[in-house]
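Please read it alongside the entry shown here.

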Amino acid sequence: MGIRQIVSSIITLLVFTTVFAQDLWKDVREANLEGNVPKTLEHLLSMDESKLSPSELTLKDFILGFTYFKNRQFDSALQWFGHHIRKQGTLRGYAHFYQGEIFMERSEWMEAKQQYQLAIKHQVPRNYNYKARYQMGVASVQLKHWNSAGKDFRYVERKWRGDLEHPKVVFELMKVEFAKRKIEKPAIGLVECTIDIRPLMLFRIGPTT
């Protein structure tokens, strides 16, 4: 189940739980199901927090962060994800992951790696774990941390075998190995343009012995 479905399920649960007789989440749920981001934000921000339990308040923080993230309002997303994390919210692993995605968008490579590492530490589901490790590899390439990049890409290469994403990580591994062997940049560009990686899907790419 993807995070969007998880968020929708959480809101649905809150609406239909009898404890919440005033249906404080009903408008949020309906706007979310309609895909109406401005209305979702409006209802979230206008909720009477005095009527929310501590667990609901942390969930509200996360849902605000994720809604802002979907709307590419990254400063606000970081703010609300941060609130959720500081309150020890149950979805803080996801919050760290999406903070990592924001830092990747901003080319803030070290910050992105730190957030992905925290997401993994909080035991996000394996599809998020694998994506986090892949993104850590991409960030390490940008930092020219070739050994770290290779380690993360090799981990993901094993996990993604048989997946449609597998050729992508194989190709990243090739580039890392070329860089480690100090192949000139023009040569790397030529490989990127001309190589057919489909036969390489059958093999593990790693350091030669």
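1. Burial. A residue counts as buried under 20% relative accessible area, as exposed over 50%, and as partly exposed in between, with a 1.4 Å probe and protein chains only. By this criterion F74 is buried at 12% relative accessibility, and F69 is buried at 17%. Of the 209 residues of the chain, 46% are buried.

2. Basis of the values. This is a predicted model, in which local features need pLDDT of at least 70 and side-chain atom pairs count only at pLDDT 80 or more, whereas totals for chains, interfaces and linings use all residues. Residues are numbered from 1 along each chain as its sequence is written, and side-chain values use heavy atoms, with hydrogens and water left out.

3. Overall composition. The chain has 11 helices and 0 strands (DSSP runs numbered from the N terminus: H or I of at least four residues for helices, E of at least two for strands). Among contacts with a separation of 6 or more, 48% join residues 24 or more positions apart; contact means heavy atoms within 4.5 Å.

4. Packing of α5 and α6. The axes of helix α5 (residues 74–86) and helix α6 (residues 92–105) come within 9 Å and cross at roughly 155 degrees. Axes are lines fitted to C-alpha atoms, for helices over the stretch in contact, and angles run from 0 to 180 degrees between N-to-C directions. The crossing angle makes α5 roughly antiparallel to α6 (over 145 degrees; under 35 is roughly parallel, 65 to 115 roughly perpendicular, and the rest oblique).

5. Residues at that contact. Those contributed by α5 include F74, L78 and F81, and those from α6 include Y98, I102 and F103. By class, the contact has 9 nonpolar, 4 polar and 2 charged residues (nonpolar: Ala, Val, Leu, Ile, Met, Phe, Trp, Tyr, Cys and Pro; charged: Asp, Glu, Lys and Arg; polar: the others, Gly among them).

6. Aromatic pairs. The whole structure holds 15 aromatic pairs (rings of Phe, Tyr and Trp, the last by its six-membered ring, with centres within 6.5 Å; planes under 30 degrees apart are stacked, over 60 edge-to-face, the rest tilted). F69 and F74 form a tilted pair, 6.0 Å centre to centre with 40 degrees between the planes. F97 and Y128 are edge-to-face, at 4.9 Å and 85 degrees. Because F97 lies in helix α6 and Y128 in helix α8 (residues 126–142), this pair ties together parts 31 residues apart in sequence. Both F97 and Y128 are buried.

7. Aromatic cluster. One aromatic cluster includes F69, F74, F97 and Y128, together with F62, F66, F81, Y94, Y98 and Y116.
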